[in-house]
Amino acid sequence: MADDKVYLYTDGACKGNPGPGGWGALLCYQEHEKEMYGGENNTTNNRMELTAVIKGLQALKKSCQVAIYTDSQYVKNGITQWMPNWKKNNWKTANKKPVKNQDLWLKLDQELEQHQVSWHWVKGHAGHPGNERADALANLGCESLSL
C-alpha cells in the first residue's frame with residue numbers, strides 16, 4: 001500500500017531581524033514534489049517560519065494526513081504547547097502580553113483544522129535533506145526581493 005501521508009518541510013530566513021525575509025516549503029506526496037517560496041521586505045524570522053507552514057498547508061487541495069518538519073522550536077512549541085493557553089487567555093501570553101504574530105497564528109490554526117497533522121522538529125543546518133531544501137527555498141525567497 002502506498003504512503004498516503006503528505007510530508008511538508010518548511011523554513012524561514014531573514015537578513016536582519018527585522019529585515020528582508022523569505023520562506024520556503026517543500027511538499028512531498030508519494031513520487032510528487034512541489035517547491036514554493038516567497039519573501040517580504042520588512043519582516044522577522046519567526047514570521048517567515050510561520051508563513052512557510054501556512055503556505056505549505058494552503059497548497060493542499062483536500063484534507064490530508066500531513067507530517068510537518070520544521071527547524072523552528074517557536075513554531076512547533078507554539079502549536080503543540082502554547083496555543084491552547086493563548087486561546088484560553090484571549091491571545092495573551094503567560095505574562096499577560098499580546099501574543100506576537102497573532103495574525104499568523106490564527107491563519108495557521110485555521111489551516112490546521114482541515115488536516116490531521118503531526119509535528120516534527122529537526123535540527124537546522126544539520127544535513128536533513130528536506131530541511132536543507134526548505135532552507136534553500138527560503139533563501140531564494142529572500143533573494144527574490146532584490147530582483
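1. Basis. The model is predicted, so local features need pLDDT of at least 70 and side-chain atom pairs count only at pLDDT 80 or more, while totals for chains, interfaces and linings use all residues. Residues are numbered from 1 along each chain as its sequence is written, and side-chain values use heavy atoms, with hydrogens and water left out.

2. Helices α1 and α3. The axes of α1 (residues 45-58) and α3 (residues 102-112) come within 10 Å and cross at roughly 25 degrees. Helices here are DSSP runs of H or I with at least four residues, and strands are runs of E with at least two; axes are lines fitted to C-alpha atoms over the stretch in contact, with angles from 0 to 180 degrees between N-to-C directions. The two helices are therefore roughly parallel (angles under 35 degrees; 65 to 115 counts as roughly perpendicular).

3. Contact of α1 with α3. R47, L50, T51, V53, I54, L57 and Q58 of α1 meet D103, L104, W105, K107, L108, E111 and L112 of α3, contact meaning heavy atoms within 4.5 Å. By class, these residues are eight nonpolar, two polar and four charged (nonpolar: Ala, Val, Leu, Ile, Met, Phe, Trp, Tyr, Cys and Pro; charged: Asp, Glu, Lys and Arg; polar: the others, Gly among them).

4. Helices α2 and α3. The axes of α2 and α3 lie 12 Å apart, at an angle of about 95 degrees. α2 is therefore roughly perpendicular to α3. On the α2 side the contact involves Y74, V75, G78, I79, M83, W86 and K87, and on the α3 side W105, L108, D109 and L112. This contact divides into eight nonpolar, one polar and two charged residues.

5. Lining of the largest pocket. Fifteen residues line the largest pocket, with V6, Y29, L60, K61 and C64 nearest its centre. A pocket is an open set of points on a 1 Å grid over the protein atoms alone, where a 1.4 Å probe fits, with protein on both sides within 12 Å along at least five of seven lines; lining residues have an atom within 4 Å of a point. Strands β2 (19-29) and β3 (32-43) are the elements that give two or more residues to this lining.

6. Backbone geometry. A cis peptide bond, with omega about 15 degrees, joins N17 and P18; P18 is in the loop between β1 (6-14) and β2. W91, in the loop between α2 (73-88) and α3, has a positive phi near 60 degrees.

How values were computed:
Angles under 35 degrees count as roughly parallel, over 145 as roughly antiparallel, 65 to 115 as roughly perpendicular and the rest as oblique.
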